[in-house]
Amino acid sequence: MQVLLLLAGLGFCWGQYNPNVQAGTTSIVHLFEWRWADIALECERYLAPYGFGGVQVSPPNENIIVTDPFRPWWERYQPISYKLCTRSGDENEFRDMVTRCNNVGVHIYVDAVVNHMCGSGGGSGTHSTCGSYFNAGERDFPAVPYSGWDFNDGKCQTASGEIENYGDMYQVRDCRLTGLLDLALEKDYVRSTVAEYMNRLIDIGVAGFRIDAAKHMWPGDIKAFLDQLKDLNTEWFSAGTRPFIYQEVIDLGGEPITGSDYFENGRVTEFKYGGQTGDGDPQVGWRKDGLLSVRMKMLRLMHWGALGSPVDRSPGFSFHSDLLGLQVKDRSYGSWFMLAHPYGFTRVMSSFLLTFSFELQDVNDWVGPPSESDGSTKAVTINEDTTCGNDWVCEHRWRQIRNMVVFRNVVDGEPFSNWWDNDSNQVAFGRGSKGFIVFNNDDWDMNVDLQTGLPAGTYCDVISGDKEDNRCTGSQVYVSEDGLANFQISSQAEDPFMAIHVNAKL
């Protein structure tokens, strides 16, 4: 009932929930820390041909430069100003990327960091990506400009000025998150300054925004600056099109702040999804560790809408599969399932190799993008086998991920159907009469006849290969007149699952 009431209440303000992707595309890719020049090329040579609807880019505004002992990814989340120059490129390169991607039907979604500026211990000087002067201690950011009047130091009620208790919604929204200087977004000047920055990006041609750290802002403050945003640029979007909004609200339960608090402003990233279908929580991961069977996890996801409808909840889910090949198969299962299941609007992660400490047996997840000796970001090079070089992983180019993005496009709008499981870790389901997917996560081989709901014919399995001309480069699946098909999947297979869809039919 609550979901129905919410949907009814949306009325004519549907715009911020619409991803603004071109018809026939259903997913975006997060090209984490990529250079603007490389994203422009990737839109033209790969993303558009394979049906990706858009790209989430790293924050494009000036940030502090952190060099001790290396330049971590999180320096991008410590703003100094709203000038458009970062290690991904300058404003001209950003404009060129947006134009070129839009021209081939791949839209750009900006990661908007507007809750805070840099950390309180950031010092002073010009060690920023545009060379703008700032003084974190004095709350002085003249390139915006912001001064001490524009921060929440006096409003926070903790002795340290930091968030000390996540059970206190006032601390979470009014105090500093890990030392980051918290902007006073209840003030008209701050709201209008944020809106001016976002409107500049809209004028350039972006399609929407991920609102970083939305949980740490009051929903009404977010609404206040979103209400000041322009419609999208009519060079690429229909008149009156509103920017797509999706908000980062980490809601795993047990806290007073919930994702539903933010539904009025736009969609909300579903963090529970990663925990229940990926390996964010070791008790609900895909690993065959006896903690929880895939069947139990999948059965839970048969009714995933209980967590919120696709309209009001999730814009997508990122699965980090790039940890030097560590448990890549286990991590990838979540992405495969995500792209097959009808829930939400999907986003896949694509980034770079992380550093592994053999002494600590741990991954250094602070490391920034592959860099030259001068700290500049390396270009994304493409190998002869279409994978990426220069330490870029490019998961979106993996055949399995790319073909599941196509699968999702093909089955868009089709219902969840024909569920099957073996009371263990072998499961399958369909998407109406257009697609069917089968998983074998058991320790024994699978050989079973299943009802696919698909038209009769011979199909190419899009996981083991592709359909090229009128042949399959991988396995084939024959669907009989009654919709039944035999699936044989070895437990030792590199990719122990199969997927077929009507566009892969010979």
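Analyst: A residue counts as buried under 20% relative accessible area, exposed over 50% and partly exposed in between, with a 1.4 Å probe and protein chains only. This is a predicted model, where local features need pLDDT of at least 70, side-chain atom pairs count only at pLDDT 80 or more, and totals for chains, interfaces and linings use all residues. Residues are numbered from 1 along each chain as its sequence is written, and side-chain values use heavy atoms, leaving out hydrogens and water.

User: What percentage of the residues of the protein count as buried?

Analyst: Of its 506 residues, 58% do. The protein has 10 helices and 23 strands; these are DSSP runs (helices H or I, at least four residues; strands E, at least two), numbered from the N terminus.

User: How many salt bridges does the structure hold?

Analyst: Side chains of opposite charge can pair when their charged atoms come close. The cut-off is a side-chain nitrogen of Lys or Arg within 4 Å of a carboxyl oxygen of Asp or Glu. The structure holds 28 salt bridges. One of them joins D96 and R100 at 2.9 Å, N to O. D96 and R100 lie 4 residues apart in helix α3, so about one helical turn separates them. D96 is partly exposed at 34% relative accessibility, and R100 is partly exposed at 23%. R95 and E91 also form a salt bridge, at 3.0 Å, N to O, and they too are 4 residues apart in helix α3 (residues 91-103).

User: Which parts of the chain does the pair of D174 and K155 link?

Analyst: The closest N and O atoms of D174 and K155 are 3.8 Å apart, a salt bridge. This pair links distant parts of the chain, with D174 in helix α4 (residues 169-174) and K155 in the loop between β6 (134-135) and α4, 19 residues apart. D174 is buried at 6% relative accessibility, whereas K155 is partly exposed at 34%.
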